[in-house]
Amino acid sequence: MSTSIASLSNVTIYQDQNMVLKNISIEVNQGDFIYIIGKTGTGKSSLMKVLYADIKLTDGEGMIAGYDLKKLKEKDIPYLRRKIGVVFQDFKLLPDRSVFDNLEFVLKATGWNDKAEMKNKIDEVLEKVGMKSMLHKMPHQLSGGEQQRVGIARALLNDPEVILADEPTGNLDPQTSVEVMEVLRKINQNGKTIIMATHDYALIMKFPSKTLKCEDSTIFEVVQRTV
């Protein structure tokens, strides 16, 4: 039996007072890999922001990782985000810190304090993304693909129930995009739920999975050949 990890029911989403998605409903089960596609401005990023509580849910019902998005209080958002890993298009690494220090910073910010445990966790997540040898490099010494691998490792630090990847290959060349996708698919095959917003249809054709399209203020599932 499938277990729901995230759901939106009759949700309307506003961005700066403008309605971007109206009366949408989606269901995400544990272990799913789901693409959210659509042109720029159709609501992909707004949908992701609702799921990680950067935009407050006001109309409709929503749940993710056991949290009610409509009733979510400001003080609970950090706890929600420990159960959600977010991967951003522009990496968001701290430029003045090494790979290790970037990851340690996140662990400390989310309540870790045992140095040995933190070191073990950092080694573990970097191993998963093939970046263990880059531990002491600074972000500017890494390629875009390597920086994004570190971004994915950062998203895995607190063993989240779901990963939200917002255009994770948007700043990468096609070959590097494929390499990053292979990392994400492997993580998914090991049981992690992933929701990925993208406009890279070539990747979707290469790594087919359930696809939802944002268009005309709504969202609907598309079959692969019509993407």
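Visitor: How many aromatic pairs does the structure hold?
Guide: Welcome! This is a predicted model, in which local features need pLDDT of at least 70 and side-chain atom pairs count only at pLDDT 80 or more, while totals for chains, interfaces and linings use all residues. Residues are numbered from 1 along each chain as its sequence is written, and side-chain values use heavy atoms, leaving out hydrogens and water. Rings of Phe, Tyr and Trp (its six-membered ring) pair if their centres lie within 6.5 Å (planes under 30 degrees apart are stacked, over 60 edge-to-face, the rest tilted), and the aromatic pairs in this structure number two.

Visitor: What kind of pair do Tyr52 and Phe88 form?
Guide: A pair of aromatic rings is described by the distance of the centres and the angle of the planes. For Tyr52 and Phe88 the centres are 6.2 Å apart and the planes are at 85 degrees. With that angle, the pair is edge-to-face.

Visitor: How many residues apart are Tyr52 and Phe88?
Guide: Helices (H or I, at least four residues) and strands (E, at least two) are DSSP runs, numbered from the N terminus. Tyr52 stands in the loop between α1 (44-51) and β4 (59-64). Phe88 belongs to the loop between β6 (84-87) and α3 (99-109). The pair therefore links distant parts of the chain, though Tyr52 itself is buried at 7% relative accessible area, and the separation is 36 residues.

Visitor: Which residue lies over the face of Phe88?
Guide: Phe88 already has Tyr52 as its aromatic partner. A charge sits over a ring if NZ of Lys or CZ of Arg is within 6 Å of the ring centre and within 35 degrees of the ring normal. At 5.1 Å from the ring centre of Phe88 we find Lys92.

Visitor: Where does the charged end of Arg185 sit?
Guide: Here is another charge over a ring, this time with Arg185. The distance to the ring centre is 4.4 Å. The ring in question belongs to Phe33.

Visitor: How many salt bridges does a search of the whole structure find?
Guide: A salt bridge is a side-chain nitrogen of Lys or Arg within 4 Å of a carboxyl oxygen of Asp or Glu. One of them joins Asp76 to Lys75, and Glu104, Lys108 and Lys115 are linked in a network. Searching the whole structure gives a total of 15.

Visitor: In which helix do Glu124 and Lys121 both lie?
Guide: These two form a salt bridge, with their closest N and O atoms 3.2 Å apart. Glu124 is partly exposed at 34%, whereas Lys121 is buried at 12%. They are three residues apart, about one turn of the helix, and residues 115-128 make up that helix, α4.

Visitor: Which residue forms a salt bridge with Lys128?
Guide: Lys128 is partly exposed, at 44% relative accessibility. With the closest N and O atoms 3.5 Å apart, the partner is Glu124.

Visitor: How many of the eight residues of α1 are buried?
Guide: Helix α1 is mostly covered. Its buried residues are Lys44, Ser46, Leu47, Met48, Val50 and Leu51. Of the eight residues in α1, the number buried is six.

Visitor: Is Gln17 buried or exposed?
Guide: Gln17 also has a positive phi, near 70 degrees. Its place is the loop between β1 (4-15) and β2 (18-29). Because its relative accessible area is 75%, Gln17 is exposed.

Visitor: And Glu167, is that residue buried or exposed?
Guide: Glu167 has a phi near 50 degrees, again a positive value in a residue other than glycine. You will find Glu167 in the loop between β7 (162-166) and α6 (174-189). Because its relative accessible area is 8%, Glu167 is buried.

Conventions
Buried < 20%, exposed > 50% of the residue type's maximum accessible area, 1.4 Å probe, protein only.
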